[in-house]
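Visitor: I should like to learn how to read the features of a structure such as this one. May we take them in turn?

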Amino acid sequence: MNGTSVSTTGKESVLDIRGLTRRFQVNGSEVTALQNINLSVRQGEFISVIGGSGCGKSTLLRIIAGLDTEYEGEALFDGARIKGPGLERGVVFQEHRLFPWLTVRQNVAFGLGNVTSKDDWESVDEHIELVGLKDFEGAYPHQLSGGMAQRASIARALANRPEALLLDEPFGALDALTKIQMQQEVLKIWEAEKATMILVTHDIDEAVFLGDRVVIMSNRPGTIKRIIPVDLPRPRDRGSYEFTQVRSAIYAEFFRQEEKPFAYEI
Ligand SMILES: Nc1ncnc2c1ncn2[C@@H]1O[C@H](COP(=O)(O)OP(=O)(O)OP(=O)(O)O)[C@@H](O)[C@H]1O
C-alpha cells in the first residue's frame, strides 16, 4: 500500500474522500447529487451507507468504484486519486450482471481477466467455495436462484482479492429470508477476506447488522448527515436491546430530516 493517511479513528485509512461534490445537468438545470462529502475509511472497516431514494448513495459508490470520474474535490484510494476502475476495488450491483452463456466457474474466472496460472484457478475455486457454490460451479445463471446468482457475483468480485469490496444494494431484489441469510454470508466473507467493505443499502437493519459505522445521508443535495458507530460484537442479535438502540438512533435521524408540514390537535 502507498501514500495512506490516518483516518478519524486514528488507524490507517484506505479511502479518503474530501470535499467531494458531484453535479449533473438534467434538462438544462443543475442537480447536486453530492455536496461536500468528507469520509475516511480505514483498512478492513465495514461501512454501511444509508439514505432515502435519490440521496446520492449510488453516485458515491460509483465514484469510489471509478465508474464516475467527473467529480469535484478529492476521492483517494491508497493515497491516489480515483481516476477509473481498478482491480483493488471489486463491485457488486443489485442485479447480478453474470454472463448468461458462461457457467458459474467461468463467470467467476472472468473477474480475473485472463486466467492462466494455477494460482488464479485456485483463487476462483476458493471463492466459489467461500460463497457456498461448490456444487453449482458448472451451472449457468438461469439455473441459479436470485441469492445464488448474487453469491456468484460476489465470488467474481472477490476472485481478484481486492482490497475493497463495494456493494450497491446487493440484496435489494431478494426476499426477506434470503436477504438475512446473505447478510450472514457477507459477514463470514468479510471475516475471511479482511477486505474493506462499503455497502449501500436502504435497509436500516442490514446497515446496523453489518457496519462498523453507519453513514446516514440526507437528500437534495446529498450530504452526510451523521455517522453512527456500531460498537456491538458480531454476530449481532437483531432482537437485542443494544441493536434496537442503534436502529432507533438511525430512525430518529430520518425523522429529523423530514419537516412536518403541519401539526394537528385532537
Ligand atoms: N448520470 C446521471 N445524470 C443525471 N443525474 C443523475 C445521474 N446519476 C444520478 N443522477 C441524479 O443524482 C441524484 C442521486 O442519484 P443516485 O442514483 O446516486 O441516488 P441513490 O441514493 O442511489 O438513489 P436510489 O436509492 O433510489 O438508488 C438523483 O437526483 C439522480 O437523478
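Visitor: In which hand does H4 pass H5?

Guide: In this predicted model, helix H4 passes helix H5 in a right-handed crossing. H4 covers residues 146-158 and H5 covers residues 176-193. Their axes come within 11 Å and cross at roughly 20°.

Visitor: How are H4 and H5 oriented to each other, parallel or antiparallel?

Guide: Angles under 35 degrees count as roughly parallel. H4 and H5 are therefore roughly parallel to each other.

Visitor: Which residues make the contact between H4 and H5?

Guide: H4 contributes Gly-146, Gly-147, Gln-150, Arg-151, Ile-154 and Leu-158. From H5 come Thr-178, Gln-181, Met-182, Glu-185, Ile-189 and Glu-193. Sorted by class, this contact of H4 with H5 has four nonpolar, five polar and three charged residues.

Visitor: Let us turn to the ligand. Which residues are around the ligand?

Guide: They are Phe-24, Val-26, Val-31, Ala-33, Gly-51, Ser-53, Gly-54, Cys-55, Gly-56, Lys-57, Ser-58 and Thr-59. Strand E2 (12-26), strand E3 (29-42) and helix H1 (57-65) are the elements that give two or more residues to this shell. H1 provides the largest share, three residues.

Visitor: Next, the backbone. Which peptide bonds are cis?

Guide: Pro-221 is placed in the loop between strand E10 (213-218) and strand E11 (223-229). Another cis peptide bond joins Arg-234 and Pro-235, where omega is about -5°. Pro-235 belongs to the loop between E11 and helix H7 (241-257).

Visitor: What is the phi of Arg-97, and where does Arg-97 lie?

Guide: Arg-97 is not a glycine, although its phi is positive, at about 55°. The loop that holds Arg-97 lies between strand E7 (89-92) and helix H2 (104-110).

Visitor: Finally, how should confidence be read? What is the mean pLDDT of the protein?

Guide: Where pLDDT is low, the predicted coordinates should not be read in detail. Here the mean pLDDT of the protein is 89, and 92% of its residues reach 70 or more. The model scores ipTM 0.97 and pTM 0.90.

Visitor: Where does pLDDT stay under 50?

Guide: One such stretch is residues 6-10, for which the model has eight contacts beyond four places in sequence. Another is residues 259-266, for which the model has zero contacts beyond four places in sequence.

How values were computed:
Residues are numbered from 1 along each chain as its sequence is written. This is a predicted model: local features need pLDDT of at least 70, side-chain atom pairs count only at pLDDT 80 or more; totals for chains, interfaces and linings use all residues. A residue is near a molecule or strand if its C-beta atom, placed from the backbone, lies within 6 Å of it. Helices (H or I, at least four residues) and strands (E, at least two) are DSSP runs, numbered from the N terminus. Axes are lines fitted to C-alpha atoms, for helices over the stretch in contact, and angles run from 0 to 180 degrees between N-to-C directions. Angles under 35 degrees count as roughly parallel, over 145 as roughly antiparallel, 65 to 115 as roughly perpendicular and the rest as oblique. A crossing is left-handed if the near helix is turned anticlockwise from the far one by less than a right angle, and right-handed if clockwise. Two residues are in contact if their C-beta atoms, placed from the backbone, lie within 7 Å. Ala, Val, Leu, Ile, Met, Phe, Trp, Tyr, Cys and Pro count as nonpolar, Asp, Glu, Lys and Arg as charged, and the others, Gly among them, as polar. pLDDT is the predictor's confidence in each residue, from 0 to 100.
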